Amino acid sequence: MLKTDVTLQLNGDAHAEAWQVYERSMGGMASGAVQAHLLFYAEFADICMNISIEKWRILDPDNGGRCVGLAVFTNHLDAWPYISRTYFETRWPHAYAEQCIWCCGFVVTAPRAPQGTFVQLITAMYDQVADHGGIIGLDFADANTKLARIVDVVLARAARSRDSDGSSAVGYRSQRTDGQRYWTYETAAPKRVVVGVTMTAGRAGVGGFDVK
(Lines give C-alpha, C1' and ligand atoms only; values in the text may rest on other atoms or scores of the structure.)
Protein backbone atom coordinates (compact mmCIF):
# COMPACT_ATOMS: atom_id res chain seq x y z
CA MET A 1 0.00 0.00 0.00
CA LEU A 2 1.30 3.43 -0.92
CA LYS A 3 2.25 5.62 2.02
CA THR A 4 1.54 9.37 2.29
CA ASP A 5 4.32 11.27 4.04
CA VAL A 6 4.34 14.95 5.03
CA THR A 7 7.52 16.67 6.12
CA LEU A 8 8.81 20.23 6.42
CA GLN A 9 12.32 19.60 5.12
CA LEU A 10 13.95 17.24 2.66
CA ASN A 11 17.65 16.62 3.14
CA GLY A 12 20.33 14.38 1.70
CA ASP A 13 19.09 11.39 -0.27
CA ALA A 14 15.44 12.40 0.17
CA HIS A 15 16.18 15.78 -1.39
CA ALA A 16 18.13 14.25 -4.29
CA GLU A 17 15.36 11.75 -4.98
CA ALA A 18 12.69 14.47 -4.85
CA TRP A 19 14.60 16.58 -7.37
CA GLN A 20 14.89 13.61 -9.70
CA VAL A 21 11.15 13.00 -9.56
CA TYR A 22 10.41 16.68 -10.11
CA GLU A 23 12.85 17.19 -12.97
CA ARG A 24 11.74 14.10 -14.86
CA SER A 25 8.08 14.97 -14.49
CA MET A 26 8.31 18.68 -15.31
CA GLY A 27 11.01 18.60 -17.97
CA GLY A 28 8.50 18.36 -20.81
CA MET A 29 7.01 21.72 -19.87
CA ALA A 30 10.15 23.43 -21.18
CA SER A 31 8.97 22.79 -24.73
CA GLY A 32 5.23 22.68 -24.02
CA ALA A 33 4.68 26.11 -22.49
CA VAL A 34 6.02 29.61 -23.18
CA GLN A 35 6.36 30.60 -19.53
CA ALA A 36 9.13 28.83 -17.64
CA HIS A 37 7.53 26.35 -15.23
CA LEU A 38 10.57 24.31 -14.27
CA LEU A 39 12.23 25.57 -11.10
CA PHE A 40 15.97 26.01 -11.11
CA TYR A 41 17.80 23.56 -8.86
CA ALA A 42 18.71 26.32 -6.38
CA GLU A 43 15.05 27.37 -6.12
CA PHE A 44 14.01 23.77 -5.57
CA ALA A 45 16.68 23.33 -2.89
CA ASP A 46 15.46 26.44 -1.06
CA ILE A 47 11.90 25.10 -1.09
CA CYS A 48 13.07 21.76 0.31
CA MET A 49 14.63 23.56 3.29
CA ASN A 50 11.82 26.08 3.88
CA ILE A 51 9.85 24.87 6.91
CA SER A 52 6.90 27.09 5.96
CA ILE A 53 6.26 24.86 2.94
CA GLU A 54 5.06 21.31 3.47
CA LYS A 55 6.55 18.62 1.31
CA TRP A 56 4.02 15.90 0.53
CA ARG A 57 5.36 12.60 -0.76
CA ILE A 58 3.90 9.29 -1.83
CA LEU A 59 6.29 6.48 -0.95
CA ASP A 60 6.13 2.99 -2.46
CA PRO A 61 6.96 0.31 0.15
CA ASP A 62 7.04 -2.34 -2.57
CA ASN A 63 9.93 -0.51 -4.18
CA GLY A 64 12.15 0.18 -1.18
CA GLY A 65 10.14 3.17 -0.03
CA ARG A 66 10.96 5.08 -3.21
CA CYS A 67 9.31 8.47 -3.72
CA VAL A 68 6.79 8.19 -6.55
CA GLY A 69 4.74 11.34 -5.94
CA LEU A 70 5.68 14.81 -4.73
CA ALA A 71 3.89 18.09 -4.00
CA VAL A 72 4.62 21.28 -2.12
CA PHE A 73 1.83 22.88 -0.11
CA THR A 74 1.58 25.90 2.15
CA ASN A 75 -0.90 28.26 3.77
CA HIS A 76 1.92 30.73 4.41
CA LEU A 77 1.42 32.52 1.12
CA ASP A 78 4.42 34.77 1.66
CA ALA A 79 6.57 31.63 1.45
CA TRP A 80 5.62 31.14 -2.21
CA PRO A 81 6.93 34.17 -4.13
CA TYR A 82 5.38 33.12 -7.45
CA ILE A 83 1.87 34.31 -6.53
CA SER A 84 0.28 37.61 -5.55
CA ARG A 85 -0.80 37.54 -1.91
CA THR A 86 -2.79 40.72 -2.49
CA TYR A 87 -4.95 38.90 -5.03
CA PHE A 88 -6.03 36.29 -2.49
CA GLU A 89 -6.37 38.79 0.33
CA THR A 90 -8.70 40.95 -1.79
CA ARG A 91 -10.81 38.10 -3.09
CA TRP A 92 -11.09 36.04 0.12
CA PRO A 93 -10.26 38.43 2.99
CA HIS A 94 -11.63 36.26 5.82
CA ALA A 95 -9.99 33.06 4.61
CA TYR A 96 -6.75 34.96 4.07
CA ALA A 97 -6.79 36.42 7.60
CA GLU A 98 -7.36 32.96 9.07
CA GLN A 99 -4.64 31.37 6.91
CA CYS A 100 -7.20 29.10 5.29
CA ILE A 101 -5.86 29.52 1.78
CA TRP A 102 -3.37 26.91 0.66
CA CYS A 103 -1.12 27.24 -2.36
CA CYS A 104 -0.02 24.07 -4.10
CA GLY A 105 3.20 24.95 -5.88
CA PHE A 106 3.33 21.77 -7.96
CA VAL A 107 2.18 18.16 -8.00
CA VAL A 108 4.28 15.58 -9.84
CA THR A 109 4.51 11.82 -10.10
CA ALA A 110 7.47 9.69 -11.08
CA PRO A 111 7.58 7.91 -14.43
CA ARG A 112 5.85 4.53 -14.09
CA ALA A 113 4.47 5.45 -10.66
CA PRO A 114 1.92 2.91 -9.36
CA GLN A 115 -1.68 3.47 -10.36
CA GLY A 116 -3.46 5.72 -7.90
CA THR A 117 -0.37 7.72 -6.89
CA PHE A 118 -1.64 11.06 -8.15
CA VAL A 119 -5.16 10.54 -6.81
CA GLN A 120 -3.92 9.56 -3.35
CA LEU A 121 -1.66 12.60 -3.18
CA ILE A 122 -4.16 15.29 -4.14
CA THR A 123 -6.99 13.67 -2.16
CA ALA A 124 -4.88 13.73 1.02
CA MET A 125 -4.05 17.38 0.47
CA TYR A 126 -7.70 18.20 -0.18
CA ASP A 127 -8.74 16.51 3.08
CA GLN A 128 -6.37 18.69 5.07
CA VAL A 129 -7.81 21.88 3.57
CA ALA A 130 -11.42 20.69 3.78
CA ASP A 131 -10.97 20.07 7.51
CA HIS A 132 -10.57 23.86 7.81
CA GLY A 133 -13.13 24.81 5.19
CA GLY A 134 -10.27 26.32 3.24
CA ILE A 135 -9.36 27.14 -0.35
CA ILE A 136 -6.71 25.58 -2.59
CA GLY A 137 -4.87 27.50 -5.30
CA LEU A 138 -3.12 25.61 -8.10
CA ASP A 139 -2.05 26.91 -11.48
CA PHE A 140 -1.93 25.07 -14.80
CA ALA A 141 -0.41 26.05 -18.11
CA ASP A 142 -2.76 25.81 -21.09
CA ALA A 143 -0.67 22.81 -22.12
CA ASN A 144 -1.91 21.12 -18.95
CA THR A 145 -5.64 21.90 -19.04
CA LYS A 146 -6.44 18.20 -19.19
CA LEU A 147 -4.74 17.77 -15.82
CA ALA A 148 -6.82 20.61 -14.39
CA ARG A 149 -9.99 18.73 -15.35
CA ILE A 150 -8.67 15.52 -13.80
CA VAL A 151 -7.95 17.33 -10.52
CA ASP A 152 -11.49 18.76 -10.55
CA VAL A 153 -13.01 15.29 -10.99
CA VAL A 154 -10.88 13.78 -8.20
CA LEU A 155 -11.56 16.57 -5.70
CA ALA A 156 -15.28 16.61 -6.47
CA ARG A 157 -15.34 12.89 -5.71
CA ALA A 158 -13.44 13.47 -2.46
CA ALA A 159 -15.92 16.18 -1.46
CA ARG A 160 -18.90 13.91 -2.12
CA SER A 161 -17.27 11.18 -0.06
CA ARG A 162 -16.83 13.50 2.92
CA ASP A 163 -20.39 14.80 2.69
CA SER A 164 -21.97 11.38 2.38
CA ASP A 165 -20.55 10.02 5.64
CA GLY A 166 -21.49 13.13 7.59
CA SER A 167 -17.90 14.00 8.49
CA SER A 168 -18.09 17.44 6.98
CA ALA A 169 -20.56 19.98 5.70
CA VAL A 170 -17.97 21.52 3.41
CA GLY A 171 -19.28 22.18 -0.09
CA TYR A 172 -17.15 21.98 -3.18
CA ARG A 173 -16.81 24.42 -6.07
CA SER A 174 -14.08 24.87 -8.62
CA GLN A 175 -13.48 27.89 -10.80
CA ARG A 176 -10.82 29.32 -13.04
CA THR A 177 -9.85 32.46 -11.17
CA ASP A 178 -7.20 33.82 -13.50
CA GLY A 179 -5.64 33.15 -16.86
CA GLN A 180 -2.72 34.29 -18.93
CA ARG A 181 -2.11 33.58 -22.59
CA TYR A 182 0.97 34.25 -24.66
CA TRP A 183 0.53 35.49 -28.22
CA THR A 184 3.13 35.58 -30.96
CA TYR A 185 3.07 38.03 -33.83
CA GLU A 186 5.10 37.04 -36.87
CA THR A 187 6.21 39.75 -39.24
CA ALA A 188 6.37 39.31 -42.99
CA ALA A 189 9.67 38.01 -44.27
CA PRO A 190 11.87 40.92 -45.39
CA LYS A 191 13.01 41.23 -48.97
CA ARG A 192 16.30 39.52 -49.50
CA VAL A 193 19.04 40.97 -51.69
CA VAL A 194 20.86 38.25 -53.57
CA VAL A 195 24.29 39.07 -54.86
CA GLY A 196 24.96 37.44 -58.20
CA VAL A 197 27.63 37.47 -60.87
CA THR A 198 26.68 39.04 -64.20
CA MET A 199 28.59 38.08 -67.30
CA THR A 200 29.24 40.47 -70.17
CA ALA A 201 31.43 40.05 -73.18
CA GLY A 202 35.00 39.95 -72.03
CA ARG A 203 34.41 40.71 -68.30
CA ALA A 204 32.54 39.70 -65.19
CA GLY A 205 30.74 42.06 -62.86
CA VAL A 206 28.80 41.91 -59.60
CA GLY A 207 25.11 42.83 -59.66
CA GLY A 208 22.23 42.72 -57.23
CA PHE A 209 18.55 41.92 -57.70
CA ASP A 210 15.54 41.70 -55.40
CA VAL A 211 13.80 38.44 -54.72
CA LYS A 212 10.17 39.06 -53.78
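Is Cys 48 buried or exposed? Cys 48 is buried, at a relative accessible area of 2%. The legends below describe close-up views of a predicted model.

**View A. Cysteines Cys 48 and Cys 67 in the predicted model.** Cys 67 has a relative accessibility of 1% and is classed as buried. Cys 48, at 2%, is also buried. A disulfide is a covalent bond that joins the sulfur atoms of two cysteines. The count of disulfides in the model is zero, with sulfur atoms required to lie within 2.5 Å.

View B. Arg 57 is buried, because its relative accessible area of 13% falls under the 20% limit. Apart from neighbours within four places in sequence, Arg 57 contacts Lys 3, Thr 4, Asp 5, Leu 10 and Ala 14, together with Cys 67, Gly 69 and Leu 70. Cys 67, one of these partners, is itself buried.

**View C. The aromatic pair Trp 19 and Tyr 41.** There are 10 aromatic pairs in the structure. In the pair of Trp 19 and Tyr 41, the ring centres are 5.1 Å apart and the planes stand at 90 degrees, so the arrangement is edge-to-face. Trp 19 belongs to helix H1 (residues 12-26) and Tyr 41 to helix H3 (residues 41-49), so the pair ties together parts 22 residues apart in sequence. Trp 19 is buried, with a relative accessible area of 14%, whereas Tyr 41 is partly exposed at 46%.

**View D. The aromatic cluster around Trp 19 and Tyr 41.** Both residues belong to one cluster that also contains Tyr 22, Phe 44 and Phe 106.

Key: Residues are numbered from 1 along each chain as its sequence is written. This is a predicted model: local features need pLDDT of at least 70, side-chain atom pairs count only at pLDDT 80 or more; totals for chains, interfaces and linings use all residues. Side-chain values use heavy atoms; hydrogens and water are left out. Buried means under 20% relative accessible area, exposed over 50%, partly exposed in between (1.4 Å probe, protein chains only). Contact means heavy atoms within 4.5 Å. Rings of Phe, Tyr and Trp (its six-membered ring) pair if their centres lie within 6.5 Å; planes under 30 degrees apart count as stacked, over 60 as edge-to-face and the rest as tilted. Helices (H or I, at least four residues) and strands (E, at least two) are DSSP runs, numbered from the N terminus.
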